[in-house]
Amino acid sequence: MLGNSGEVTWSGTYQGFTQINNKAIPVDNGFVTDTWLAGYTAINDVNNVLGAIDVVNANSKDRVEGESKFIRGSVYFDLVRLFARSFNDGTPSANPGVPLVLAATTSVTEASKVSRNTVAEVYAQVITDLTDAEAKLPVSNGFYATTNAASAMLARVYLQKGDYANALAEADKVISSGKYSLTDPYAAAFPYLSPPAPVSNTTEDIFAMQVTTSSGFNGFQEFYSADGRGDITINDAHLNLYETGDDRLKLFYTSGGSTFTGKFDNLYGNVHIIRLAEIYLVRAEANFRLGSTTGATPLEDINTIRKRVLLPGLTPAQLTLAAILKERKLELAFEGFTLHDAKRLEMSVGILPWDSPKLIYPIPKREIVVNPNLTQNEGY
């Protein structure tokens, strides 16, 4: 919603989402507050585990530590992207990020004293956590994080940071592992069962949040599916971006006169956090920017993505950065990349410039009230 430039329409009754979609967020927005609280609750859970890591059996210790740091690094990456200026916006070593809390918080007094670390410091901690996770996690780990999941998340972090050499290295590790493959057809990446039921990870899920009938439901389904609330519909401004014959178009459907994406129709579908398709796109973009061919040429990687959706391959003359970024936009549509890509690529969001303070969440009012050490973001 915050990155929406008119390609989708929000028609829901939740005032908090309406405020986010309108880029007019008050400091007491409930969804923003919940995002902050959920993030720091997860971080504190992780810190409690890490603080007691010595009681874990020796043969499980590395795995448990790796799983924990994968979670903490991933959560801090989300928090710093939402509540602080982008890494390429100004001076990251001076811009306020979010508080780094690396030990378990045991009292309200403790929690009310934290200050904001810089954006650069938070990114450094994210990379440290994910690098440690990469070294300690196994290759196979059920649906839990693996060494490849940590590498893939690092590739995402480095791409956001503009560190294309490291993004390339991490992406190539994942693809070269041979552990994952693109689904065929494209729609199989988003399995739908009728009636809705839990599903396993697909062959291209590097990491996905598991949803079961007892653990809840896929929140994407609530808002994006006609079978849910159907509050988010897809506009022609998005649909017109696809080429004729693109198999991705088959996932869109009309209900009640509105168009919806079928990516999230399964009420109990897993939430796809990292898919292999993203990693091909990271490698293609990084190789293109660097003028390299690590693992494959950028053209080969982009045509791998296009072939899966039944499109003809691009020619060398057609391969441009814009062409790569368009494939990324269409392949990963509605999966959480729009806002962050707009910022790293310095593209406007509607009438707002990419670095507008309105595209950053406020520090929640409840945190500012109890903690005088927290500074508020510009514009709030």
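Two strands count as paired if DSSP finds at least two bridges between them. Strands (E, at least two residues) and helices (H or I, at least four) are DSSP runs, numbered from the N terminus. I start there because the sheet contacts in this model rest on that definition.

Some housekeeping. This is a predicted model, so to speak of a local feature I need pLDDT of at least 70, and side-chain atom pairs count only at pLDDT 80 or more, while totals for chains, interfaces and linings use all residues. Residues are numbered from 1 along each chain as its sequence is written, and side-chain values use heavy atoms, with hydrogens and water left out.

Now the strands. Strand β2, residues 205-209, runs antiparallel to β6, residues 271-275, and four bridges join them. Met 209 has Val 271 as its bridge partner in β6. Four of the five residues of β2 are buried, so the strand is largely enclosed by the rest of the structure. Buried means under 20% relative accessible area, exposed means over 50%, and partly exposed is in between, with a 1.4 Å probe and protein chains only.

Strand β4 pairs with β5, residues 258-261, also over four bridges and in the antiparallel sense. Ser 255 stands opposite Ser 258. The hairpin has two residues between the strands, and Gly 256 there takes a positive phi near 60°.

Next, the aromatics. Rings of Phe, Tyr and Trp (its six-membered ring) pair if their centres lie within 6.5 Å; planes under 30 degrees apart are stacked, over 60 edge-to-face, and the rest tilted. That rule gives 23 aromatic pairs. One of them is Tyr 224 with Phe 334, a tilted pair at 5.8 Å centre to centre and 50° between the planes. Tyr 224 is in helix α8 and Phe 334 in the loop between α12 and α13, so this pair ties together parts 110 residues apart in sequence. Both Tyr 224 and Phe 334 are buried.

Tyr 242 and Phe 252 have ring centres 5.6 Å apart and planes at 70°, so that pair is edge-to-face. Tyr 242 sits in the loop between α9 and β4, and Phe 252 in β4. These two residues are buried as well.

What about the core? A nonpolar core is a set of buried Ala, Val, Leu, Ile, Met, Phe, Trp, Tyr and Cys residues joined through side-chain atoms within 4.5 Å. The largest has 87 residues, and those with the most contacts inside it are Phe 70, Tyr 76, Phe 83 and Ile 206. Helix α6, residues 147-161, gives the largest share, nine residues. A second, separate core has six residues, including Tyr 186 and Phe 190.

Most residues other than glycine have a negative phi, and most peptide bonds are trans. Which bonds are cis here? One joins Asp 184 and Pro 185, with omega about 10°. Another runs from Ser 194 to Pro 195, with omega near 0°. Pro 185 is in the loop between α7 and β2, and Pro 195 is in the loop between α7 and β2.

Leu 310 has a positive phi near 65° and is exposed, with a relative accessible area of 56%. Phe 334, from the tilted pair, has a positive phi of about 70°, yet counts as buried at 10% relative accessibility.
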